[in-house]
Amino acid sequence: MNAVVDALPGLEPTFSPQPGASGWCAELGLQFARRGARTVLVRRHHFGPLRVQKALYPEGEGVCHGIVLHPPAGIAGGDSLVIDVKVDEGAHALLTTPGAGKWYRSAGPSAGLTQRIAVADGAVCEWLPQETIVFDGALGTLGTDVTLQGDARFIGAEMLCFGRTGAGERFTRGELALQTRICRDGRPVWLERGRIGGGSALLDSPVGLAGQPVVGTLLVAAPACDTALRDVCRDIVPSVGEGAVTLLPGLLVARYLGPACEPGRQWFTRLWGAVRPVVTGLPMCVPRIWNT
């Protein structure tokens, strides 16, 4: 399998496939740049089953939308996936996925998904994948590393459902390790590590998931995050489940805990509708793929 690159001259791939993985080895590199009034996808490098097919402009030239595709539809034991996104100065990119992601049950090997996002001064990145279903028996590591420069702005969401709840499945075995880090100008803004084991006490503990299968986090890193924005978000409550909003220096954090992904997704969308005009100066523009 060969790597494929679409790039402007001088923008060569920054990484290459790693040999030795027992499952799929896939990498996707994207770079967005400002060209006049337009945000352009200037580099698109992929190896293995990760793709962005085309740049989309549903809200005008200033914001480039992309849909990250993973044709196998799920991550199996032994898979190794890397997504590397760069948003250059003044550019604005919004990335999402076509549907729910999946971590499949493993027969032994662990899988890994690494997401690296770099946002330059004056740029905006909205990282809004749809929810992820963690099958009973899945083994994996999910890491997200965001680096911001100057007044770069980042809006990111992550929603996890432990077990296929529609089939009555619980997360009784397996493990998912999680790490999220956000740094601005080399200084940490947010660092979180967690390890959720199938059948562990954390799943039912009131200081853990409290018996709920779905947990989600919405992170907004921007100079505009202040107490007024926090209070507006606190007035928005989920229709089902529990939600909370916290303000840290330059960072707004929203947490969801509930019985299903849909009410959590709806709550995050309402929060995004309140946050986006303040952080980016633009009204909410729901990706069309969410309605299919």
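## Confidence

The chain has a mean pLDDT of 92, and 92% of its residues reach 70 or more. Residues 1–21 are another matter, with pLDDT below 50. That stretch still has 43 contacts in the model beyond near neighbours in sequence. Where pLDDT is low, the predicted coordinates should not be read in detail.

## Nonpolar cores

In soluble globular proteins, nonpolar side chains tend to be buried together. Here, the largest nonpolar core has 47 residues. Phe-32, Val-85, Val-87, Trp-103, Phe-154 and Ile-182 have the most contacts inside this core. A second, separate core holds 27 residues, among them Met-159, Ala-254, Phe-268 and Val-279.

## Salt bridges

There are 12 salt bridges in the structure. One of them pairs Arg-276 with Glu-126, with 2.8 Å between the closest N and O atoms. Arg-276 sits in helix 2 and Glu-126 in strand 10 (residues 124–127), so this pair ties together parts 150 residues apart in sequence. Both partners are buried: Arg-276 has a relative accessible area of 0%, and Glu-126 is likewise at 0%. Glu-59 joins these two in a network of salt bridges.

Helix 2 also carries Arg-265, whose salt bridge to Glu-131 has its closest N and O atoms 2.8 Å apart. Glu-131 is buried at 13% relative accessible area, whereas Arg-265 is partly exposed at 28%.

A further bridge runs from Glu-192 to Arg-255, with closest N and O atoms 2.4 Å apart. Here strand 15 (residues 187–197) provides Glu-192 and strand 18 provides Arg-255, 63 residues apart. Glu-192 is partly exposed at 27%, and Arg-255 is partly exposed at 30%.

## Helix 1

Helix 1 spans residues 227–234, and its buried residues are Leu-229, Arg-230 and Cys-233. Viewed down the helix axis, the buried residues fall within an arc of 105 degrees, so they line one face of helix 1. Their cover includes strand 17 (242–248), strand 18 (251–258) and helix 2 (261–280).

At the N-terminal end, Asp-226 caps helix 1: one of its side-chain oxygens lies 3.2 Å from the backbone nitrogen of Ala-228.

Notes:
Residues are numbered from 1 along each chain as its sequence is written. This is a predicted model: local features need pLDDT of at least 70, side-chain atom pairs count only at pLDDT 80 or more; totals for chains, interfaces and linings use all residues. Side-chain values use heavy atoms; hydrogens and water are left out. Buried means under 20% relative accessible area, exposed over 50%, partly exposed in between (1.4 Å probe, protein chains only). Helices (H or I, at least four residues) and strands (E, at least two) are DSSP runs, numbered from the N terminus. The arc is that of the directions from the helix axis to the C-beta atoms. Contact means heavy atoms within 4.5 Å. A polar contact is a pair of N or O atoms within 3.5 Å; within protein, one must be able to donate a hydrogen and the other to accept it, and residues adjacent in sequence count only if both atoms are side-chain atoms. pLDDT is the predictor's confidence in each residue, from 0 to 100. A nonpolar core is a set of buried Ala, Val, Leu, Ile, Met, Phe, Trp, Tyr and Cys residues joined through side-chain atoms within 4.5 Å. A salt bridge is a side-chain nitrogen of Lys or Arg within 4 Å of a carboxyl oxygen of Asp or Glu.
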